[in-house]
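Dear colleague,

Please find the structure below, handed over for your records. A short account of the findings follows it.

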Amino acid sequence: MSVIKNNIYKFLSSLSLTIFLLCFIAFGSIFGTVIKQKADVEEYLSIYSDTTYTIIKYLGFDDVYHSPWFIAAIVLFAINLTLCTYGRFARLIKTEGKVDLPDESELSDMSMVFHVGNNERENTIASIKKGYQTIYEGEEGVVLQKGVISRYGVYIIHGSILIILIGSLIGMLFGYKGFMTLRKGETKDQLILRGTPLKEVPLGFSLKCKDFQVSFYPGGEPKDYVSKVEVLDNGRVVMERDIRVNSPLSYKGINVYQASYGASPSFLFTIAGEHVTLSERETYEKDGLVMMIARSESAIHNFGPGVLVAYLDQGEPKAVWFLKDVERLKEQKIQGVNIKLEDIKEDFYTGLEIAKDPGVWVVWTGFALILFGLYANFFVYYRRIYMRNIPDGLIVAGIAFKNREGFKEEFEKLKRKVSGNGS
């Protein structure tokens, strides 16, 4: 049983598995970039054949970053990295507490070494100690070190990668991306999640579009579009600001981006003397009258634009066309109520992308730590100096595993500092 466990441990902590998983995740990410994610079925079928779409759907390439195989690869990579780091870190800790002071012959063979006489022993030890940490001091001599954090740099980087992976998993499992369209003056408290099928979920607060402006270049291309939005929480306005491209709104960990815009018709009616504006699929209900805008057409048999209004008459669904340019058909009675189509307008609406990523601060923490780890690993150098007592004085030797030329210069300065005693 222990052999099986040992083999499993070796497999999970192997460098081969690390390379395989990194390649696997990289290839998965390529599919996630090349293939549009969480698009509608119709959009996929407009790009790919039925067979190709079936394969994409079956393999989860339409939502790579939430697919079980991609999440499993991330989790397996995290386990692999943890075990690799644990094994090397345990060996480092084991050797960290053990300090050996090499004998005279071994120190003499080192590339950086000098001697001082008995008269300068104490002054030399005191002088070299400055700027170094004493990790051993006894009758045989002294051992000093500095830059010890560099020995942990690679482990800080490994730990940072794990933190980033954890943050990413939190974002993938508990975050979402969706969208919302808002007309001027409209308020909504739900967004539509991307995916198949589309799903509405509560936002947790409401967004009201107070204004939406689009400007265009002379050629007709959009130059800028800005949404002036109010955030309402529990019915109270808590924030008001403009949302534009690259300038999102953030509230309660949810980011709202300016993503698109469009135009849709709105229909101005006078219903029993009341001015009412309705959009397609929007319902009006008052005093027993229930009516809905079923559809609209820009031209009805050369009679101009019209709108089909559906209503209930004693429980029976009925519909009637209102034609804007035909006098006798622009005003009609439904259930005894005078209804007049006053005008049809094209209104711009704003398209907002809404994203929540609860793991983003975990990821930022990981990035901050990885920067510190890179600094410790590449810009801090571990150095050790041995000073052993010998019959005629003191032998001083130093070692460095990185930036040896830099340490050589430093060692020569130390040697010159005590040059009156060096030999």
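Tyr375 is partly exposed at 46% relative accessibility, where buried means under 20% relative accessible area, exposed over 50%, and partly exposed in between (1.4 Å probe, protein chains only). Please note that this is a predicted model, in which local features need pLDDT of at least 70 and side-chain atom pairs count only at pLDDT 80 or more, while totals for chains, interfaces and linings use all residues. Residues are numbered from 1 along each chain as its sequence is written, and side-chain values use heavy atoms, with hydrogens and water left out.

Tyr375 belongs to helix 10 (residues 360-379); helices (H or I, at least four residues) and strands (E, at least two) are DSSP runs, numbered from the N terminus. Together with Ile149, Leu371, Phe372, Leu374, Phe378 and Phe379, Tyr375 makes a nonpolar surface patch of about 730 Å². Such patches consist of residues with over 30% relative accessible area and no salt bridge, like charges being joined within 9 Å and nonpolar side chains (Val, Leu, Ile, Met, Phe, Trp, Tyr) within 5 Å. Accessible areas come from the Shrake-Rupley method with a 1.4 Å probe, and for residues only the protein chains shown count as cover.

Turning to the strands, an open antiparallel sheet is formed by four of them in the order 12-13-14-15, two strands being paired if DSSP finds at least two bridges between them. Strand 12 (283-286) and strand 15 (316-323) are the edges, each pairing on one side only. Within the sheet, six bridges join strand 13 (residues 289-297) to strand 14 (residues 306-313), and Arg295 stands opposite Leu308 of strand 14.

As for charged pairs, the structure holds 16 salt bridges, each defined as a side-chain nitrogen of Lys or Arg within 4 Å of a carboxyl oxygen of Asp or Glu. One of them joins Glu274 and Lys286 at 3.2 Å, N to O. Because Glu274 lies in strand 11 (residues 274-279) and Lys286 in strand 12, this pair ties together parts that are twelve residues apart in sequence. Glu274 is partly exposed at 30% relative accessibility, as is Lys286 at 39%.

Another salt bridge links Asp62 with Lys57, the closest N and O atoms being 3.2 Å apart. Here Asp62 is buried at 10% relative accessibility, whereas Lys57 is partly exposed at 38%. Lys146, Arg383 and Glu410 are linked in a network of salt bridges.

Yours sincerely
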